[in-house]
Amino acid sequence: MGRHAPGRINNSSFSLGSAGIVLGDAEDEILADIEEQARGVSGFDAALDKAKKLIEGCLPIFVYVSEFPELNGHQDLDTFTQRRGHDPSLIERENNFEKLARVADFDPARLNNIRNEHEERAQILNRAGSLVTAEIRRLWKDQTLMVRFNLDGPRLDILVSDPHAEYPVEVNLDERSRGFRWFFAFFITFSADTRGGNADGAILLLDEPGLYLHAKSQGDLLKHLREDYKNQIIYTTHSPFMVPADAIKIVRTVNIQPSSGTTVTNTPTGGSKTLFPLQAALGYHLSQTLFIGNYNLIVEGITDFWILSSINAHFATSGRRTLPAELNLLRTDGHL
């Protein structure tokens, strides 16, 4: 029988010994190493699963949004509280209503159970309307709108009005413009998902956000995305009004070629269709700055302009407070 490491008796040694083969120390160590590797191979699947779980735990969560969020202006609380999840076709609508309740800070089941407590119900709904109205007014600049929740038995209606209009008629959310309904549903679902919801800390992937909004509202949406979320947001767009002209370095152009496939680059390359939104955004931004800029800071000369621009850029890169993004820095000779 061949020699083996102290305290180690293995089946291979017995097999070789019975054949009259004697191993030296070096060969015995090689054989022991092979057996060690074999044991490692036998546990490979378990180790692979562990490695996969470790890697998956380090990956960020991605949330993809491409469709119009389904949020209706009518909701039956009896149906919602008693048959929640029973109808697969209503799951998205029910989920979004639940998100609305979270943002407006009311409990649908609680509201449905206190039908005879009119004063308490009114207080809950008034507070809910105030919370949503305050946020909508901050984000939706077209009109100064008011949102009110009206509850008649189990039927809850979302009513929207313009208190400054000549006739401030309340209109159900379902009867508002498609652009406003998209913006309202987008705000509600995103607020609920990113503030402690399933998209908290996730990377958000948006396909053509603001498609139903006109140009000015698209600019408001862009500001909302940039200022109100801690999430990293990646979105596709063909609209120049969704291109941040003051932060053009974050824009990427996407090209599709038969030979190379799809390429994404931070250099402005591609055909006229690809570059048009970028060119239009820059042209629009320049015209806004020159002619109808709302906030202008005029300095005496080029030296003052250089000093303030350099300090502002340094503060921006170091994470310190900078001049407001909407402030235009101008010299007295009229140049930017």
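Me: In this predicted model, is Phe-80 buried or exposed, and what is its relative accessible area?
Reply: A residue counts as buried under 20% relative accessible area. Phe-80 falls under that cut-off, so Phe-80 is buried, with a relative accessible area of 7%.

Me: What kind of aromatic pair do Phe-80 and Phe-97 form?
Reply: The structure holds nine aromatic pairs. In the pair of Phe-80 and Phe-97, the rings are 5.0 Å apart centre to centre, with 80° between the planes. Planes over 60 degrees apart count as edge-to-face. The pair is therefore edge-to-face.

Me: Which helices does the pair of Phe-80 and Phe-97 link, and how many residues apart are the two?
Reply: Phe-80 is in helix α4 (residues 77-82), and Phe-97 is in helix α5. The pair links distant parts of the chain, the two residues being 17 residues apart.

Me: Is Phe-97 buried or exposed?
Reply: The relative accessible area of Phe-97 is 2%. The cut-off for a buried residue is under 20%, so Phe-97 is buried.

Me: How are helices α5 and α8 oriented to each other?
Reply: Helix α5 (residues 91-104) and helix α8 (residues 178-194) pack with their axes 8 Å apart, at an angle of about 75°. Angles of 65 to 115 degrees count as roughly perpendicular. The two helices, α5 and α8, are therefore roughly perpendicular to each other.

Me: By class, which residues make up the contact of α5 with α8?
Reply: From α5 come Asn-96, Lys-99, Leu-100, Arg-102 and Val-103. They meet residues of α8 including Phe-184, Phe-187 and Ile-188. By class, the contact has three charged, three polar and six nonpolar residues.

Me: Which ring does Arg-178 lie over, and at what distance from the ring centre?
Reply: Two arginines can be described here. The charged end of Arg-176 sits over the ring of Phe-180, 5.5 Å from its centre. Arg-178 lies over the face of Tyr-212, and the distance from the ring centre is 4.3 Å.

Me: Where does Ile-61 lie, and what separation is there between its C-alpha atom and that of Ala-202?
Reply: Ile-61 lies in the loop between α3 (44-58) and β1 (62-65). Ile-61 is partly exposed, with a relative accessible area of 49%. Ala-202 is 141 residues apart from Ile-61 along the chain, yet their C-alpha atoms are separated by 4.7 Å.

Terms used. Residues numbered from 1 in each chain as written. Predicted model: local features only at pLDDT ≥ 70, side-chain atom pairs only at ≥ 80, totals over all residues. Heavy atoms only, no water. Helix = DSSP H or I, 4+ residues; strand = E, 2+ residues; numbered from the N terminus. Buried < 20%, exposed > 50% of the residue type's maximum accessible area, 1.4 Å probe, protein only. Axes fitted to C-alpha atoms, helices over the stretch in contact; angles between N-to-C directions. Parallel < 35°, antiparallel > 145°, perpendicular 65-115°, else oblique. Contact = heavy atoms within 4.5 Å. Nonpolar A, V, L, I, M, F, W, Y, C, P; charged D, E, K, R; others polar. Phe/Tyr/Trp six-rings, centres within 6.5 Å; stacked < 30°, edge-to-face > 60°. Lys NZ or Arg CZ within 6 Å of the ring centre and 35° of its normal.
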